[in-house]
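Q: Please take a close look at one part of this model, the pairing of oppositely charged side chains. Go through it pair by pair.

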Amino acid sequence: MLLLLLAIPTQAQSLDQGLSALQRQDYVTASQVLIPLAERGNAAAQTYVGFLFETGRGVPQNYTEAAMWYRRAAEQGDSRAQYSLGLLYDRGQGVPQDIVEASKWLNLSTAASPPRVRESRARIRDAVTTKMTRGEIAQARLRALEWMPSRGH
């Protein structure tokens, strides 16, 4: 138990170090700090690692790898990861293009997002919805309603 308590400040400190490196645009350092945290199941780190792979900053660009990291964080309820994963499904980058799955993740992201970004996420979600049939919209909403967050992966 003591080891778990000691690990929490270290993870927070490491996450802060990774975010600081991102802000300095030192993407190699950011990836070196964030990837081990992501591997240990830290949802915020997983989201940032997904971003690094999606954009090819500090690591080779790899949409499949980005989607994997976004999914791990999205399944834990990280709204930024849900949003990013939804966009990857909409574009078919790193995952098969799937408008229903895109809409599911964008719905979840919008519902869980902080007020300052909710409106912009809702606009993107609604733009994706315009490409869907009524049946697809219903299927996406059902998937979102049935979704349950999981513990760290």
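Salt bridges

A: Arg-125 and Asp-126 are joined by a salt bridge, with 2.9 Å between their closest N and O atoms. A salt bridge here is a side-chain nitrogen of Lys or Arg within 4 Å of a carboxyl oxygen of Asp or Glu. Asp-126 is partly exposed, at 39% relative accessibility; buried means under 20% relative accessible area, exposed over 50%, and partly exposed in between, with a 1.4 Å probe and protein chains only.

The model is predicted, so local features need pLDDT of at least 70 and side-chain atom pairs count only at pLDDT 80 or more, while totals for chains, interfaces and linings use all residues. Residues are numbered from 1 along each chain as its sequence is written, and side-chain values use heavy atoms, leaving out hydrogens and water.

In general, side chains of opposite charge can pair when their charged atoms come close. The rule gives nine salt bridges. One of them joins Lys-131 to Asp-90, at 2.7 Å from N to O. This pair links distant parts of the chain, 41 residues apart: Lys-131 is in the loop between α7 (115–129) and α8 (134–146), and Asp-90 is in helix α5 (residues 79–91). Helices are DSSP runs (H or I, at least four residues), numbered from the N terminus. Asp-90 is buried, with 13% relative accessibility.

Another salt bridge pairs Arg-143 with Glu-101, their closest N and O atoms being 2.6 Å apart. Here too distant parts of the chain are linked, with Arg-143 in helix α8 and Glu-101 in helix α6 (residues 99–112), 42 residues apart. Arg-143 is partly exposed at 26%, whereas Glu-101 is buried at 11%. Through shared partners, salt bridges join Glu-101, Lys-104 and Arg-143 into one network.

Definitions and conventions
Helices (H or I, at least four residues) and strands (E, at least two) are DSSP runs, numbered from the N terminus.
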